[in-house]
Amino acid sequence: MVFLAYIEQTPLEIRFWAKVQFDSSLPEVAHLGRCWVWTAAKSSDGYGSFGVRCGARWSMLGAHRVAFFLFNGYWPDTLDHLCRLRSCVRPSHLEAVSRRENTMRSPIARAAVQSRRTHCPNGHLYDLVDDGRRRCRRCRNEKARAAYRTRR
């Protein structure tokens with residue numbers, strides 16, 4: 001119970017920034033400066049977790065979201081780590097974006113990888129079709145010709 005009393009008396013900002021490492025040995029992003037790394041609890045995905053009291057109960061929030069709120073004064077729907085380091089809480093490394101934008105910026109998200117493809121599996125250039133889906137005209141024509149030959 002002594003620990004909880006200490007937490008309740010210590011301001012949120014002091015508790016938060018005590019868990020951040022501001023070291024010169026950390027990675028540096030070209031135009032954004034060095035990362036500020038979260039040293040306390042982390043989720044299984046590698047994002048920092050910070051406990052905040054909401055009424056009578058405690059909630060765990062993303063540390064990067066708390067850092068963004070402390071500097072900017074609002075909670076965005078989605079944040080993108082420009083430095084690609086999930087444990088970084090430096091507000092200049094965080095950008096408020098839409099979920100779609102965040103997904104499309106990802107180097108590993110399936111939707112982003114698929115949307116960057118320009119050629120079909122057979123090496124032909126994709127053509128745009130009226131319904132907005134990408135299709136390979138050559139492969140589609142070859143498949144239609146083969147089906148026509150089998151029917152005859």
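The legends below describe close-up views of one predicted model. Local features need pLDDT of at least 70 and side-chain atom pairs count only at pLDDT 80 or more, while totals for chains, interfaces and linings use all residues. Residues are numbered from 1 along each chain as its sequence is written, and side-chain values use heavy atoms, with hydrogens and water left out.

**Figure 1. The largest nonpolar core has 10 residues.**
A nonpolar core is a set of buried Ala, Val, Leu, Ile, Met, Phe, Trp, Tyr and Cys residues joined through side-chain atoms within 4.5 Å. Buried means under 20% relative accessible area, exposed means over 50%, and partly exposed lies in between (1.4 Å probe, protein chains only). The members here are Phe16, Val20, Trp36, Trp38, Phe50, Val52, Ala63, Val66, Ala67 and Val89. Helices (H or I, at least four residues) and strands (E, at least two) are DSSP runs, numbered from the N terminus. In soluble globular proteins, nonpolar side chains tend to be buried together.

**Figure 2. Val20 and a second core.**
Contact means heavy atoms within 4.5 Å. Apart from neighbours within four places in sequence, Val20 is in contact with Trp36, Val37, Trp38, Thr39 and Val89. A second, separate core has 6 residues, among them Val29, Leu32, Val37 and Cys88.

**Figure 3. Helix α3 and what covers it.**
Five residues of α3 are buried here: Ala63, His64, Val66, Ala67 and Phe68. Their cover includes α2 (12-17), β4 (37-38), β5, β6 (57-62), β7 and β8 (94-97). Just after α3, Gly73 takes a positive phi of about 80 degrees.

His64 belongs to helix α3 and counts as buried because its relative accessibility is 11%. Leaving aside neighbours within four places in sequence, His64 is in contact with Tyr47, Leu79, His81, Cys88, Val89 and Leu94. His81 lies in strand β7 and is buried, with a relative accessible area of 5%. Not counting residues up to four places away in sequence, His81 touches Tyr47, His64, Arg86, Cys88, His93 and Leu94.

**Figure 4. Thr78 in strand β7.**
Thr78 is buried, at a relative accessible area of 10%. Leaving aside neighbours within four places in sequence, Thr78 is in contact with Arg65, Glu95, Ala96, Val97, Ser98, Arg99 and Asn102. Thr78 and Leu94 are 16 residues apart along the chain, and their C-alpha atoms are separated by 9.8 Å.

**Figure 5. The largest pocket.**
On a 1 Å grid over the protein atoms alone, a pocket is an open set of points where a 1.4 Å probe fits, with protein on both sides within 12 Å along at least five of seven lines; lining residues have an atom within 4 Å of a point. Grid points are joined across faces, edges and corners, and a volume is the space filled by probe spheres set on the points. The largest pocket holds about 460 Å³ of space. It is lined by 17 residues, and the closest to its centre are Tyr47, Leu79, Asp80, Arg86 and Asn102. The elements that give two or more residues to the lining are α3, β7 (78-81) and α4 (99-105). The largest share, 4 residues, comes from β7. By class, the lining has 5 nonpolar, 6 polar and 6 charged residues. In this count Ala, Val, Leu, Ile, Met, Phe, Trp, Tyr, Cys and Pro are nonpolar, Asp, Glu, Lys and Arg are charged, and the others, Gly among them, are polar.

**Figure 6. Cysteines and disulfides.**
The structure holds 0 disulfides, a disulfide being a pair of cysteine sulfur atoms within 2.5 Å. Cys83 is in no disulfide, and the nearest cysteine sulfur, that of Cys88, is 3.8 Å away. Cys83 is buried, with a relative accessible area of 15%. Cys120 is also in no disulfide; its nearest cysteine sulfur belongs to Cys139, 3.7 Å away. Cys120 counts as buried, at 7% relative accessibility.

**Figure 7. Two loop residues, Cys35 and Arg84.**
Cys35 lies in the loop between β3 (33-34) and β4 and is buried, with a relative accessible area of 2%. Arg84 is in the loop between β7 and β8 and counts as partly exposed, at 43% relative accessibility. The phi of Arg84 is near 65 degrees, a positive value in a residue other than glycine.
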